[in-house]
Amino acid sequence: MGRADAATGYLFIAPQLLGVLVFVVFPVGLAVWYSLNEWNIFTGDMAFVGAGNYQAALEDPQLPSVLGATAVFSGGVVVLNLVLGLALAVMLNRRFRGSVLFRTLFFSPVVVSVVAWTLVWGFLLQDNGGLNGALAAVGVDGPNWLQSGPTAMIAVTFTQVVRSVGINMVLFLAALQGVPGELYEAARLDGAGSRTIFFRVTLPLISPTLLLTAIITIVGALQSFAQIAVLTEGGPGLSTTVLVYYVFQQAFSFNDIGYGSTLALMLLTFVMVLTVIQWQLRRKWVFYED
Amino acid sequence: MRTETVAAPNRFGPIARRVALYAALILLAAPFVIPTLWMITSSFKPLSEIFASPPSFFSENPTLAAYSEAFTFQPFARQYLNSVYIALVVTAITMLVSSLAGYAFARIRFPGRNLLFVVVLVGLLVPSEVTIVPLFQMFKQAGMVNTHWPLILVTAFAAPCVLATFIMRQFFIALPVELEEAARLDGLGRFGIWRRICLPLAKPALSAVAILTFLSSWNLYLEPTVYLTSPELFTLPQALTRFTDAYGGEMWNTQLAAATMTVVPVLVVFLIAQRQFVESLAHSGLKG
C-alpha cells in the first residue's frame with residue numbers, strides 16, 4: 001500500500017486540515033495584522049500603526065476594570081463550580097433511591113440553550129421577579145439584583161455555575177469511582193473518620209482531576225459571552241464587562257477593528273497559556289479518558 | 001466497575017443522616033430545576049400575572065396567547081426551521097469530516113502525521129470569540145454576511161469539528177486492527193475499510209459527536225448576532241432576545257413561550273438518551 005496509502009491519508013484529513021487553516025489559523029494571522037493597524041471603518045482605509053493599539057491598551061482607562069471583572073468572574077466561577085461540583089459528586093457517588101434522578105436534575109441545565117437559560121434567570125432576577133417574590137414571602141427584602149455592580153456580578157457568576165457544574169460533577173464522579181475501595185477500608189481500620197478520609201484519602205487521589213477541571217472551567221468562563229450579553233450587557237456601568245464582552249463591544253459596537261483584534265489576541269494568550277498547561281497535565285495524569 | 005465496598009459501614013446508617021442528605025440535595029436542586037419549571041408555567045400566564053405578588057407557579061387563567069404571539073411578532077416558525085436545518089447540516093458535515101480525519105490520524109501512516117494533527121488541534125485551542133473579528137471581515141469580502149454560510153462553515157470545520165476529530169481518533173486508536181487486516185486481505189481498499197468496517201463499529205463515538213455538534217450549533221449565539229441582521233434569517237437563541245416591545249421593554253411571557261419551545265424538545269431527548277448525552281458532553285470538558 002505504502003505511497004498510495006499515504007496519499008489516501010492526506011485525502012482523508014484534507015477537509016479537516018483545510019477547514020482549520022481557513023477558519024482558524026488564517027483568521028488568527030489576520031487578527032495579528034489588524035492589531036498592527038488603525039482601521040477607519042467608514043472609508044475602509046487601513047493605516048499601519050505598529051504597536052499603537054498595544055500602547056492604547058496600556059493607556060485604556062477602562063481596561064483595568066475589565067480585567068478586574070474578568071478575574072472576579074472567572075475566579076468566582078471556578079471556585080464555586082469546583083466546590084459545588086465536588087460536593088454533588090460526593091453526595092451522589094453512592095447509589096441510593098433517587099440518586100440517578102438527582103444526577104439527571106443537576107446535569108439538565110447543561111443541555112439547555114445558554115440564551116434561554118440566561119433569559120429565564122434574567123426574568124427571575126427582576127426587582128419584582130420570582131426570586132424577590134420568594135424572598136418577600138419569608139420576610140426578606142431582596143435587592144434589585146441586576147441594577148447594582150456587586151449583585152449583578154453575583155448573578156452572572158451564579159447562573160454560569162448552575163448551568164455548567166453538571167459537567168464537572170460527572171468528571172468528579174468518574175474520578176471518585178477510580179479511588180480503590182481498599183484504601184477506604186484501610187483508612188477506616190486505622191480509625192479515620194469520614195472527614196479525615198475525605199481530606200486525606202479522597203481529595204489527594206482525585207487532585208489531578210481537580211486541577212484539570214479547574215483549568216477547563218476557567219477557560220470556559222473566559223469565553224462566557226452569551227451569559228453576559230443577555231443578562232447584564234456588561235453593566236451596570238462596567239461592573240460585569242469581562243474581556244470577551246469588551247472585545248465584542250470594541251470590534252462590533254464601536255467598529256474599532258484594530259483595537260478589538262488587539263484585545264482578542266490578549267484573550268487568546270490567556271486561553272492558550274491555560275490550555276497548554278492543561279494538555280501538559282493531561283499527558284501526566286490521564287484518568288477519566290477512555 | 002469496582003464493587004462499592006466504600007459504602008458498607010454507612011449503608012444502614014442512622015435515618016437522620018439519610019434525611020439530611022435528601023434535604024441538602026433537594027435544597028441544592030432548586031436553582032437547577034425551578035428556572036426551567038418556572039419558564040414553562042409562566043409561559044402560560046397572561047402578562048398581567050407574570051410579576052404577580054406573591055409569585056405563584058400556576059396561572060389562574062392559563063392561556064396560549066404568548067405562544068401565538070411568539071409566531072406573529074417574529075417569523076418564529078421560520079427561525080425555528082433555520083436552527084433545525086443549520087444544526088442538521090453542520091452535524092452531518094462534521095460526522096463525515098471528523099470520521100475521515102479521525103480514522104486517518106489513527107490508522108494511516110503518512111509523513112507529517114503528528115505535526116498535522118497538532119495543527120488541527122490548534123482549532124480547539126483558539127476560542128471562536130477571538131477569530132470572529134477577522135472572520136467577519138473575510139465573510140464580508142466573500143459577500144456572505146447576513147447569510148447562513150458563516151454559521152454552517154465555521155461550526156462544521158472549526159472548534160466543534162476538531163473536538164469531533166479528536167474523539168473519532170481516540171475511538172479508532174482503540175479499535176482492534178485485526179478486523180481491518182482481514183478486510184484488506186479480502187481486497188477492500190482504505191475507503192472501503194473506513195466505510196464498511198470502521199464506520200459501522202464507530203456508532204458510539206459517532207453518536208457522541210452528533211450530540212455535541214448538534215448542541216453547539218443549536219446554542220450558537222455570538223455568531224448569529226454578528227453575522228445576521230434580517231429577522232427571517234435569525235436562529236433561535238438570537239430570536240429569543242428580540243421579543244421586546246416598541247419601547248424596548250421585554251415581552252416576558254412571549255419570550256418565555258419561545259424559550260420553552262426552544263428548550264423542551266432538547267430536554268425531552270436528553271431525558272430519553274441521558275447516558276449518551278452525559279458521556280458525549282463530558283468530552284466537551286476537553287475543550288472547556
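How many of the 290 residues of chain A count as buried? The share is 43%. This figure, like the others below, comes from a predicted model. The text takes the two chains in turn, then their contact, and then a few single residues.

Chain A contains 12 helices and two strands. The C-alpha trace of chain A spans about 75 × 75 × 30 Å along its principal axes. Among the contacts in chain A with a separation of 6 or more, 71% join residues 24 or more positions apart.

The confidence of the prediction for chain A averages a pLDDT of 88, and 96% of the residues score at least 70. One stretch of chain A, residues 286–290, has a pLDDT below 50. In the model, this stretch has eight contacts beyond near neighbours in sequence. Where pLDDT is low, the predicted coordinates should not be read in detail.

Chain B has 15 helices and zero strands. Its radius of gyration is 24 Å, whereas the globule rule gives 19 Å for 288 residues; chain B is therefore more spread out than a compact globule. The box filled by the C-alpha atoms of chain B, taken along the principal axes, is roughly 75 × 70 × 35 Å. Of the 288 residues in chain B, 44% are buried. Residues 24 or more positions apart supply 76% of the contacts in chain B with a separation of 6 or more.

How many residues does each chain bring to the contact between them? Chain A gives 79 residues and chain B gives 82 residues. On the chain A side, the largest share comes from helix α1 (residues 2–35), with 20 residues. Sorted by class, the side of chain A that touches chain B holds 56 nonpolar, 19 polar and four charged residues.

One helix pair across the two chains can be followed in detail. Two packed helices are described by the angle between their axes and the distance between the axes. Helix α7 (residues 149–177) of chain A and helix α15 (residues 274–283) of chain B have axes that come within 10 Å and cross at roughly 95°. Because of that angle, α7(A) is roughly perpendicular to α15(B). From α7(A), the residues making the contact are A:Ile167, A:Val170 and A:Leu171. From α15(B), they are B:Val278, B:Leu281 and B:Ala282. By class, the residues of this contact are six nonpolar, no polar and no charged.

Helix α5 (residues 114–124) of chain A is mostly covered, with 11 of its 11 residues buried. Among them are A:Trp117, A:Trp121 and A:Phe123, as well as A:Thr118 and A:Gly122. Which elements cover the buried residues of α5(A)? The cover includes α6 (130–137), α7 and α10 (226–231) of chain A. It also includes α2 (15–42), α13 (236–240) and α14 (252–272) of chain B.

A:Phe225 sits in the loop between α9 (194–222) and α10 of chain A. Is this residue buried or exposed? A:Phe225 counts as buried because it has 21 C-beta neighbours inside 10 Å, and the cut-off is 20 or more. Leaving aside neighbours within four places in sequence, A:Phe225 is in contact with A:Val244, A:Tyr245 and A:Phe248 of chain A and with B:Glu129 and B:Leu222 of chain B. The C-alpha atom of A:Phe225 is separated by 9.9 Å from that of A:Thr241, which is 16 residues apart from A:Phe225 along the chain.

Most residues other than glycine have a negative phi. A:Asn255 has a positive phi, near 55°, and lies in the loop between α11 (243–253) and α12 (257–284) of chain A. With 12 C-beta neighbours inside 10 Å, A:Asn255 counts as exposed. B:Asn146 also has a positive phi, near 60°, and is found in the loop between α6 (128–141) and α7 (149–157) of chain B. B:Asn146 has 14 C-beta neighbours inside 10 Å, so it counts as partly exposed.

Note on methods: Residues numbered from 1 in each chain as written. Chains lettered and ligands numbered in written order. Predicted model: local features only at pLDDT ≥ 70, side-chain atom pairs only at ≥ 80, totals over all residues. Contact = placed C-beta atoms within 7 Å. Helix = DSSP H or I, 4+ residues; strand = E, 2+ residues; numbered from the N terminus. Nonpolar A, V, L, I, M, F, W, Y, C, P; charged D, E, K, R; others polar. Axes fitted to C-alpha atoms, helices over the stretch in contact; angles between N-to-C directions. Parallel < 35°, antiparallel > 145°, perpendicular 65-115°, else oblique. pLDDT = per-residue confidence, 0-100. Rg over C-alpha atoms; globule rule 2.2 N^0.38 Å.
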